[in-house]
Amino acid sequence: MVKNWLVMETGPDGDRAPYRARVVSAGRHLPSKHLTTDELMATTRHRTHIDLERLTGIHERRVSTGEDDSYNLATAAALDCLQRSGQSADALDVVISCSITKFRDGLTQWLEPTMSIAVAHAIGATNAMTFDLSNACAGMLSAVTVLNNWIRQGLVERGLVVSGEYISQLGTNAALHVRNIMSRELASLTLGDAGAALLLERAPEGVKGISVAGFTTVADHSRLCLAYPSSGEPGARMFTKSRELQKVAIAATPVLLQEVLDAAGIAITDIDQVITHQTSARAVRKIMAGITEELGDGPRNDAVITVDRYGNTASTSHTVALIEEMEAGRIQPGETVALIALASGLEIGIVLLTVDEELLASHGHDH
Amino acid sequence: MGTIIDHQSFISHGWRTRHSALRLAVSASRTCLEAAGCPPNDVDLLINAGLYRDRNLGEPALAALIQEDIGANTEDPHPDTHGTFSFDLSNGVCGVLTALQIADGFLRAGTAQRVLVVASDANPGHGLSKDFPFAAAGGALLCRWSDDESGLGKVRWANFFDDAESYRSTVSVEKGRNVLRVEHSATADEQFAVAAAKVARECLDVASVDLADVDLVLAAPPHPDFTATLASHLGFPAQRICVAHDSRTHTAALIGALHEALSARRIQAGSNVLLLAAGAGITAGAALYRTPKHPIE
């Protein structure tokens, strides 16, 4: 029996799952305020001499000026997702909230009760069990992996994965402390706010849906990115060794993607779109170049980049990008999309899904 | 067929661990794995359900740090062997039951062979909390799939939304510092017990099991008022409800209850046990657990 490094469903040969899961709809909510990188860098306390836009490719990000917190962003995205699906909230069996930030009532971080019970109540999901899952920027895809497993095993029929990231305040705090390009808070300046939600349900016979979902934690690197509540300001601060994280991600991702391709019985050239975690345009391109070099070929299209418009929106980034691509008409029905999580931990996860007509139709594309 | 708990461990704080949920979790995990004769590399999935941690760490998942410190497949991915997937979940005192439910899905699928569920809490230290109410304690459960009639039944959940009136914990700025605060109402335990009794009945109804056939209830939180009200509302003898020894145990309380029951030899092979937890939200969960024929350690 082939052993996989990833914890994932074993694919067609050893499949013990009676069902498959599909993504029915995706929702997002973006704050209305655009903050350009130039505007953000103009707020730094020290003269940093950093050309952040050139380094990261981030032109602007959306930020809440206090009108939205993690709870509002998550709730708005959940409602958007449900409205697009035409599904009633009381049909949900489970609501999983996955944000890093759990700000409610301003910059108050809530540990108990869960964010998920508050969101479930706000959207009217009265029959849903609720819990929060935390896995840094891999939170949403980790929850998709758990929910995919539950749906495949018939333990639930339908569930919502949701996240609200009011995380731009880490950038506000970092602007007070960053002195030069070597600062470990540089990554905080790339962050943007967003809410995102994915509705998963049991797929009808013949619908491909999610074919593989697998994850691993490369824990030798667990201390490369650490975030704590700030001691001097409201909100939090994050300290990252970005180059080391990126180096490991570039080296490890192709090996794991090959496992997923083998499990799905496809080649890299069968993948139409790859959406990696959006940290910087340069990082996304480097990871894709690494994949192409190691696997000898690449996916059908260039890697999706939305970080230039939205910044790094933490756990919501894949959903924000997926919706962007669907609404722009760059994803066709039947296409295979690989969502690749790369997050502090070091968490690496891959979700392989086939986008169907219903999902696209919910974003205004009638094929 | 079902998910069984092969081994458990539960530890209270020592001098070195009183301010470190991480050290408590690592210590509990090591103890559990050593007792099971299970090398850390055999753990496929590590779920941490603990909440109150060193310096109120927000990222990464504490589970990743636990995985590194116990040495479970920490190195970069390589072919022909398996790695470990770690993440945190939070559901307060119900977190361990939620983690068991997630473990059950992965074990059922054959996606994981061994799952380690960990929970620990400790004062975050550095003056970052105000009147921290919980004991420094940690526990671990090593789970696997069993093909006999033992194991975890379907987990039943119910929410009774109270807009955080009964129980809340937050981190917010006070006098220029972000400080953790835990607040609860005077009637919180009573409300939790009422919710727990309701979900317990639903769980038993769904499984078509009489309350009289339940040998022992393992319950959390381990508060005397909760236990007394639960016994009364459930119509079940209080002496057959087992909770963690220290009433200040929080997320690890269900593991503490199991530890207590095993230490007192209150669980036999083939016992019908009801796992029951209720906490902030209000969220309550219940599941029947038929203990394996071999003794749990």
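User: In which sense do strand β7 (residues 108–112) of chain A and strand β9 (residues 167–174) of chain B pair, and over how many bridges?

Analyst: Two strands pair if DSSP finds at least two bridges between them; strands (E, at least two residues) and helices (H or I, at least four) are DSSP runs numbered from the N terminus. Here β7 of chain A and β9 of chain B pair in the antiparallel sense, over three bridges. Within this pairing, Trp110(A) has Thr170(B) of β9(B) as its bridge partner. The model is a predicted one: local features need pLDDT of at least 70 and side-chain atom pairs count only at pLDDT 80 or more, whereas totals for chains, interfaces and linings use all residues. Residues are numbered from 1 along each chain as its sequence is written, while chains are lettered from A and ligands numbered from 1 in the order in which they are written.

User: How many residues of chain A are in contact with chain B?

Analyst: Two residues are in contact if their C-beta atoms, placed from the backbone, lie within 7 Å. By this criterion, 63 residues of chain A touch 58 residues of chain B. On the chain A side, strand β8 (residues 129–134) gives the most, with six residues. That side holds 35 nonpolar, 21 polar and seven charged residues (Ala, Val, Leu, Ile, Met, Phe, Trp, Tyr, Cys and Pro count as nonpolar, Asp, Glu, Lys and Arg as charged, and the others, Gly among them, as polar).

User: At what angle do helix α7 (residues 242–264) of chain A and helix α8 (residues 281–295) of chain A pack?

Analyst: Two packed helices are described by the angle between their axes and the distance between the axes. The axes are lines fitted to C-alpha atoms, for helices over the stretch in contact, with angles from 0 to 180 degrees between N-to-C directions. For α7 and α8 of chain A, the angle is about 45° and the axes are 9 Å apart. α7(A) is therefore oblique to α8(A) (under 35 degrees counts as roughly parallel, over 145 as roughly antiparallel, 65 to 115 as roughly perpendicular and the rest as oblique). Among the residues that make the contact are Ile250(A) and Leu257(A) of α7(A), together with Ile287(A) and Ile291(A) of α8(A). By class, this contact has eight nonpolar, four polar and two charged residues.

User: How far apart are the axes of helix α4 (residues 188–207) of chain B and helix α5 (residues 224–234) of chain B?

Analyst: The axes of α4(B) and α5(B) are 8 Å apart, at an angle of about 40°. That angle is why α4(B) is oblique to α5(B). The meeting residues include Phe192(B) and Ala196(B) in α4(B), and Phe226(B) and Leu230(B) in α5(B). Nine nonpolar, two polar and three charged residues form this contact.

User: How many residues of strand β14 (residues 283–290) of chain B are buried?

Analyst: A residue is buried if 20 or more other C-beta atoms lie within 10 Å of its own, exposed if 12 or fewer, and partly exposed in between. In β14(B), eight of its eight residues are buried. Thr283(B), Gly285(B), Ala287(B) and Tyr289(B) point one way, with Ala284(B), Ala286(B), Leu288(B) and Arg290(B) pointing the other.

User: Which residue stands opposite Ala286(B) in β14(B)?

Analyst: Leu276(B) stands opposite Ala286(B). Strand β13 (residues 272–279) of chain B runs antiparallel to β14(B), joined by eight bridges. The two form a hairpin with three residues between them, and Gly281(B) in the turn has a positive phi of about 145°. Strand β8 (residues 156–159) of chain B is also antiparallel to β14(B), with four bridges, and there Ala158(B) is the bridge partner of Ala284(B).
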